[in-house]
Amino acid sequence: MIRSASRRSFLSLLGATVATAGLAACGGKAEARTFPVTMSDAQWRRKLTRAQYHILREAGTERAYSSPLDKEHRAGTFLCAGCAHPLYSSKTKYDSGTGWPSFWKPLPRAIVTDRDFKLGYPRTEVLCARCGGHLGHVFDDGPKPTGKRYCMNGAAMMFRPA
């Protein structure tokens with residue numbers, strides 16, 4: 001009986017340890033990447049506004065309908081607010097009705113993606129390919145031809161008219 005109880009205790013402890021490790025991995029940071037543009041935290045804080053820093057460096061989200069870029073309809077290019085890397089052409093922008101600037105396709109080599117579990121379920125996070133700044137998320141409910149909705153934080157970008 002003691003042997004059986006010890007075995008059950010061991011298996012229970014083992015299961016709890018594995019489950020805890022798995023949950024910690026889901027909520028933790030993704031594997032470290034290197035990006036061409038790097039700065040210290042102090043340099044990013046000096047360069048960016050408080051809102052830009054919160055979004056780009058802390059993976060924050062701006063309030064829906066708060067960005068003027070949501071209503072930007074001129075021809076041009078949307079750039080990363082952290083490093084001025086070209087991200088999206090105005091030709092791929094559309095009104096998704098979500099309150100955030102949305103695009104159906106990024107420019108070539110503009111972004112990279114990562115898995116994000118911050119809300120407890122998997123999402124695809126969009127990062128600037130040059131500085132690694134958090135831009136937003138991509139979803140599979142966008143228009144043709146890609147079916148993608150790149151839902152971006154306006155404070156993470158700036159606009160350069162054509």
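Start with the whole protein chain of this predicted model: three helices and nine strands are present. Colour by secondary structure and follow the sequence; the pattern reads α-α-α-β-β-β-β-β-β-β-β-β. The protein chain has 162 residues, and 39% of them count as buried.

Next, select β7, residues 134–139. Is this strand enclosed or open? Five of the six residues of β7 are buried, so the rest of the structure largely encloses this strand.

β6 (123–128) pairs with β7 in the antiparallel sense over four bridges. Look for V126, whose bridge partner in β7 is G136. The two strands, β6 and β7, form a hairpin with five residues between them. In the turn, select G132, which has a positive phi of about 80 degrees.

β8 also pairs with β7 in the antiparallel sense, again over four bridges. Go back to G136 and find M152 of β8 opposite.

Then show the side chains of the largest nonpolar core, which has 26 residues. L87, Y88 and L135 have the most contacts inside this core. Elements giving two or more residues to the core include α3, β1, β2 and β9. Of the elements, α3 gives the most, with three residues.

Which residues does Y88 contact, leaving aside its neighbours within four places in sequence? Among them are F78, F103, P106, I111, V126, Y150, M152 and M157. Across the protein chain, residues 24 or more positions apart account for 55% of the contacts with a separation of 6 or more.

Conventions. Residues are numbered from 1 along each chain as its sequence is written. This is a predicted model: local features need pLDDT of at least 70, side-chain atom pairs count only at pLDDT 80 or more; totals for chains, interfaces and linings use all residues. Side-chain values use heavy atoms; hydrogens and water are left out. A nonpolar core is a set of buried Ala, Val, Leu, Ile, Met, Phe, Trp, Tyr and Cys residues joined through side-chain atoms within 4.5 Å. Buried means under 20% relative accessible area, exposed over 50%, partly exposed in between (1.4 Å probe, protein chains only). Contact means heavy atoms within 4.5 Å. Two strands pair if DSSP finds at least two bridges between them.
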